[in-house]
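Please read the following walk through the model with the sequence and the coordinates at hand.

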Amino acid sequence: DTMRRVVRQSKFRHVFGQAVKNDQCYDDIRVSRVTWDSSFCAVNPRFVAIIVDASGGGAFLVLPLHKTGRIDKSYPTVCGHTGPVLDIDWCPHNDQVIASGSEDCTVMVWQIPENGLTLSLTEPVVVLEGHSKRVGIVAWHPTARNVLLSAGCDNAIIIWNVGTGEALINLDDMHVDMIYNVSWNRNGSLICTASKDKKVRVIDPRKQEIVAEKEKTHEGARPMRAIFLADGNIFTTGFSRMSERQLALWNPKNMEEPIALHEMDTSNGVLLPFYDPDTNIIYLCGKGDSSIRYFEITDESPYVHYLNTFSSKEPQRGMGFMPKRGLDVNKCEIARFFKLHERKCEPIIMTVPRKSDLFQDDLYPDTAGPEAALEAEEWFEGKNADPLLISLKHGYIPGKNRDLKVVKKNILDNKPAANKKSDLINAPKKAADASNIQNEAKLDEILKELKSIKDTITNQDERISKLEQQMAKIAD
């Protein structure tokens, strides 16, 4: 067995996981019961978002990280979808922007107030409509601002420019069967997908072509996952023909044989892989398992090295994974999970034991920061860029996020523009006219409301004086 426990030099051999104390959990949350294999939880250095059960529609909670303890039943939710929410993803370039995909066939992008919600949020910044069936996957581009990918049960992948609210790439003829997951590579030039037809495909979305594919990546019929690693290789989880869980490592330049293939166990929960490119560690969280296993990926055989298992009593319904900039570097924390139980969310902290209090730069190489390396337009035109890295030496202090502005492009106006001078002169005038009309309409609305409130007050005044007269009579 290539996974034999050879004692191997690795600074991550002694990584250990620890659940936080009860008062640091988020309690009394009705975690969604939808049968869908997404992680149901998304976290960043400010907030934890959890998909919850909602009657007549779809909703998710967004809690500031420090808001631990019992969450009141009346706590506000993000609830604009008309069907259950299936997947959520925080924008990597703005900690207050989150995207959600739902059974109602839409993708919605939300702006969360800086200090969290005080009222339920029903108005998204933008609604992205283009799928004909439920949308089960949303994934932001790792390096380009406002580029969002969604995949639906219509077997289509759409890549949106959120800043203009338009679908710029539609890959609707590449998958013949359900898409289980989609993963961007490190600079966002390629995506890889795992599908129900047992194929893993590597796709260049801008050229709209399949660059590589592998049939029967895993022979079993149960769902697979495929993710890109930092070096461009692909890591997959799936099932063997005998229904054993497997993990495998592939080189997309030659998908004939895997670099490594390991059988794990016969449990039947789908293995969700969470990957940390800075340490090259993969954490596998099975849905319904009560453990997290972790492996280090290296260049030497057997390539995928088992490190350890974090075990607990309760099975997990879903899992959130904190980006590196949200971790406590003073405690040598290298990963933090947010494990969903039936009624609560429990943070689990992974630590490398070190005696020194100094900053451990071998554990924390520069990591992807919150600045986008490209604008959406540059990426769609063909540019690529690696993530802009930041040092965590002095910890990460979240900066101010700019509000997400969406300038809707009218699809009907997309006729080729003949740049006549008169058009250019008229454009600002038209815009001004439009905004004047909007302002007047608003003013009308406010005046109407004022009038109705005044009328109500007058009526109540009359009613009060009548009641006072009646009381006076009775008193006499």
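**A hairpin and its neighbours**

In the hairpin of E9 and E10, three residues lie between the strands, and Cys-105 takes a positive phi near 75°. Helices (H or I, at least four residues) and strands (E, at least two) are DSSP runs, numbered from the N terminus. This is a predicted model, in which local features need pLDDT of at least 70 and side-chain atom pairs count only at pLDDT 80 or more, while totals for chains, interfaces and linings use all residues. Residues are numbered from 1 along each chain as its sequence is written, and side-chain values use heavy atoms, with hydrogens and water left out.

E9 (residues 97–102) and E10 (residues 106–111) pair in the antiparallel sense over five bridges; two strands pair if DSSP finds at least two bridges between them. Val-97 stands opposite Gln-111 in E10. E9 also pairs with strand E8 (residues 85–90), again in the antiparallel sense and over five bridges. In that pairing Ile-88 stands opposite Ser-100 in E9, and a hairpin of six residues joins E8 to E9.

How many of the six residues of E9 are buried? Six of six are, where buried means under 20% relative accessible area, exposed over 50%, and partly exposed in between (1.4 Å probe, protein chains only). In a regular strand the side chains alternate between the two faces of the sheet. Both faces of E9 are covered, with Val-97, Ala-99 and Gly-101 buried on one side and Ile-98, Ser-100 and Ser-102 buried on the other.

**The chain as a whole**

The protein chain contains two helices and 32 strands. Its C-alpha trace spans about 95 × 70 × 45 Å along the principal axes. Of the 476 residues in the protein chain, 50% are buried.

**Aromatic rings**

A pair of aromatic rings is described by the distance of the centres and the angle of the planes. Here, rings of Phe, Tyr and Trp (its six-membered ring) pair if their centres lie within 6.5 Å; planes under 30 degrees apart count as stacked, over 60 as edge-to-face and the rest as tilted. A search of the whole structure finds 13 aromatic pairs. One of them is formed by Tyr-26 and Phe-338, whose ring centres are 6.4 Å apart with planes at 35°, so the pair is tilted. Because Tyr-26 lies in strand E2 (residues 26–27) and Phe-338 in strand E29 (residues 333–340), the pair ties together parts that are 312 residues apart in sequence. Both Tyr-26 and Phe-338 are buried.

The rings of Phe-295 and Tyr-306 have centres 5.7 Å apart and planes at 70°, so this pair is edge-to-face. Phe-295 belongs to strand E26 (residues 291–297) and Tyr-306 to strand E27 (residues 304–311), so the pair ties together parts that are 11 residues apart in sequence. Phe-295 is buried, with a relative accessible area of 1%, whereas Tyr-306 is partly exposed at 26%. Elsewhere, ring pairs link Phe-274, Tyr-283, Tyr-294, Phe-321 and Phe-337 into a cluster.

The charged end of Arg-222 sits over the ring of Phe-239, 5.2 Å from its centre, and that of Lys-287 sits over the ring of Phe-40, 3.9 Å from its centre. A charge sits over a ring if NZ of Lys or CZ of Arg is within 6 Å of the ring centre and within 35 degrees of the ring normal.

**Backbone exceptions in loops**

Most residues other than glycine have a negative phi, and most peptide bonds are trans. Where is the place of Pro-302? Pro-302 is in the loop between E26 and E27, and a cis peptide bond with omega of about 0° joins Ser-301 to Pro-302.

Asn-155 has a positive phi of about 60° although it is not a glycine. Asn-155 is found in the loop between strand E13 (147–152) and strand E14 (157–161), and is buried with a relative accessible area of 16%. Asn-280 likewise has a positive phi, near 60°. Its loop runs between strand E24 (271–276) and strand E25 (281–286), and at 25% relative accessibility Asn-280 counts as partly exposed.
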